[in-house]
Amino acid sequence: MTKASYPIIGMSCASCAQTIERAVSGMDAVDEANVNLATEKLTVSYDDKRLSPKDIAAEVADAGYQLELAEEKETFAITGMSCASCAQTIEKAVSDLDGVETANVNLATEEMQVAYDSDHLTSHDIVQAVEAAGYQAQTKSTVKREDKKERKDAQIKHLWRRFVGSAIFAVPLLYLAMGDMVGLPVPSALDPMAHPLAFALTQLVLVLPVIVLNHEFFTTGFKALFKGHPNMDSLVALGTSAAVLYSLFSTWKISQGDASYAMRLYYESAGVILTLITLGRYFENVSKGKTSEAIQKLMDLAPDTARLVREDGQVVEVGVDELQPGDILQVRPGEKIPVDGEIIKGQSAVDESMITGESMPVDKKVGDSVVGASINSNGSFQMKASKVGEDTSLAQIVRLVEEAQGSKAPIARMADKVSGVFVPIVIVLAILSALAWWLIGGESWNFAITILVSVLIIACPCALGLATPTAIMVGTGKGAENGVLFKSGDALETAQEVTTIVFDKTGTITEGKPVLTDLETYSDLSQEEVLRLSASAEQGSEHPLAQAIIEGAQEANLVLEDTENFEALSGRGIHVRLAEHDIFLGNAKLMADQGIAIGEAQAQMDRLAAEGKTPMLLGRDQELLGLVAVADTVKSDSQAAIDALHEMGLKVVMLTGDNRRTAEAIGRQVGIDQVISEVLPEDKTREVAKLQGQDHKVAMVGDGINDAPALAQADVGIAIGSGTDVAIESADIVLMRSSLLDVPTSIELSRATIKNIKENLFWAFAYNVLGIPVAMGLLHIFGGPLLNPMIAGAAMSFSSISVLLNALRLKRFKPSNQEVKA
């Protein structure tokens, strides 16, 4: 029996606890279940051979509550994979472990992301499962990024050396084997007609170094085959082994006096195939490296060292990885800021374009926060480190991009299923087609061997395995370059299906902070005097509208007067005493209560209200002095972003708690298709669900805590980067630059990436669907040529490289609104 405790979410009373207890106690293999309402935990004793934590969680969910498994997410670096079949093998081996929630292997990044129950499983168990499947795994925390890059560079160099070494022997081998057939001069001592044994033995001597240099195909290929999950290397090993073994048989027959077997040698096919596939692997690895350049560019932004100010005032240079929160650092002009923190001495202008996209340096003074990897433009300052290591903004951006690149898009599932059974099917087809030509077609054993080798060599599961992850890597990397962080492959795919974009108003379409917009005078006072009196009166108020008026006066350098007897009049405005006068500031109802006629000001108020502004009248004693208007102004790029979305054929909806009149005014100003106003924060989710119920694929764009549930409800949640952590956590896409122009960019990039994936998958499937029948001799049936195994090997290598090159085309992606941003 196993005893475990799990947190329960959703309980509100003792009845809830009883419901869960009854549900879990009624399960087979459960001995005892107790729910503690105070600690909100379920303690359960059960037979772990018959029941898993997932089963208990499902039962609790059926009862209407949520059981939180002790789920941990970890990334592992995988070595030893050669194709999509390898990735599928590892996924299956890890997924079969009790306690694993999900396991995703990315062939392009050579990484595996695992979500598992840490109460029942350890990372060591997962590593052992991978090793049992015939591969190697390391937790990513133990693999430094520098080490991984060095290992990849070493692998690329190793493949190149292997290719050059193989080519040195394969080129003369090919010349010797084919020279006589195409009329090229061959040394008389090696003439196949005059000296067949020397001809055969020389080829054998030339092919052996190629086999030794490429022994990895055989060791990994046969190992995977004997374990029951053959991969790409298995196909190469079987095909070339068949060619070499038959050639050895032919060499023996020649030694026995049968010179006709000199024309039945396949040494050159084995040698050239191994050499071409090694060259293909080299190009594949170089291309894979290019797909992850975006991550490298992000990491290169961070400086390696920092100037640490010690307690005695001495400044020493230390590695950034040695810094701790609370350390005092000195930053000189032109240097990169090492970590996130706060300025405690000095001031400067800081270039934060790498995070915010703001091209102009931002002025920073004591108390202002600064972001690691941004550039100090001119002044020198001291700062206190607040976030270091993996907690910095840059590190979190890198982590988000890496997680997205390691995730899978739903579109990849079909390719995964095919990859899982691809290699065994190809082996069966190769054997059946060879036997069919020999036994039924009446062809020679020599012909059958050609068919067997060609089918085994031309089949390419690599193209299937690389089609999706390479495009996702480039797409998410390109997104990061453009200030758009996709948090998963799901988000990247779903974004291109969106038909409706829902914007929150405050802080999203508008600045989220009211500012002074209009001043009118209805007396002999100047506009400055109307503003000075209004601001003086509002000094006792904490209301955001009051602060906007005061800030407006401060910007105009007006000197405010002291007031007395401040009185807030609910729903109407304020009243103060200033220089023996009664001053009133508020709406038309307040003026009417005081007997102040507003006359022509009413039309002005109606016009301003229709524009989404809040007008306030200023009265002194019985006289109307003037009018001030305040508004939450529209962001400079809101109109352009909404126009871009309309050009893309999307419907734009604005969701706000504001009154209908103000909301519709803002909506008209920026071209919103549908305005939903006077919505309480808790009702935003319902409004999004209502749109989804009308067959809309909805993306929700927001920035506040009150937007988080709606962001989670939407098909795609898009958080403004300057928003709250809660909103960013609930979203699927994060806009780092807080620019609404990045909303159409995210949709455009999603469309471009999924189009690229579809092209890759089409090519990968089409290549195999057309190539394998040709290798099986389909054209030969109708009098066409028979596929040479060497051409099959070249075609197989080209298929993988073509998929990678197509994915790399995404690097040329540029947002259509780039000119507007500039």
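Leaving aside neighbours within four places in sequence, Glu 564 is in contact with Val 576 and Arg 577 in this predicted model. To find Glu 564, look at strand E21, which covers residues 564-569. Is Glu 564 buried or exposed? Its relative accessible area is 53%, and since exposed means over 50%, Glu 564 counts as exposed.

Now let us turn to the cavities. Searching the whole structure turns up 3 of them with a volume of 30 Å³ or more. The second largest cavity holds about 40 Å³ of space. Which residues line the second largest cavity? From one stretch of numbering come Ile 277, Gly 280, Arg 281 and Glu 284. Cys 462 also takes part, and Met 796, Ser 797 and Ser 800 complete the lining. Two or more lining residues are given by helix H9 (267-291) and by helix H29 (789-808). Of these, H9 supplies the largest share of the lining, with 4 residues.

What kinds of residue surround this space? The lining of the second largest cavity divides into 3 nonpolar, 3 polar and 2 charged residues. With Arg and Glu counted as charged, you can pick out the charged pair as Arg 281 and Glu 284.

Notes: Residues are numbered from 1 along each chain as its sequence is written. This is a predicted model: local features need pLDDT of at least 70, side-chain atom pairs count only at pLDDT 80 or more; totals for chains, interfaces and linings use all residues. Side-chain values use heavy atoms; hydrogens and water are left out. On a 1 Å grid over the protein atoms alone, a cavity is a set of points where a 1.4 Å probe fits but cannot get out, and a pocket is an open set with protein on both sides within 12 Å along at least five of seven lines; lining residues have an atom within 4 Å of a point. Grid points are joined across faces, edges and corners, and a volume is the space filled by probe spheres set on the points. Buried means under 20% relative accessible area, exposed over 50%, partly exposed in between (1.4 Å probe, protein chains only). Contact means heavy atoms within 4.5 Å.
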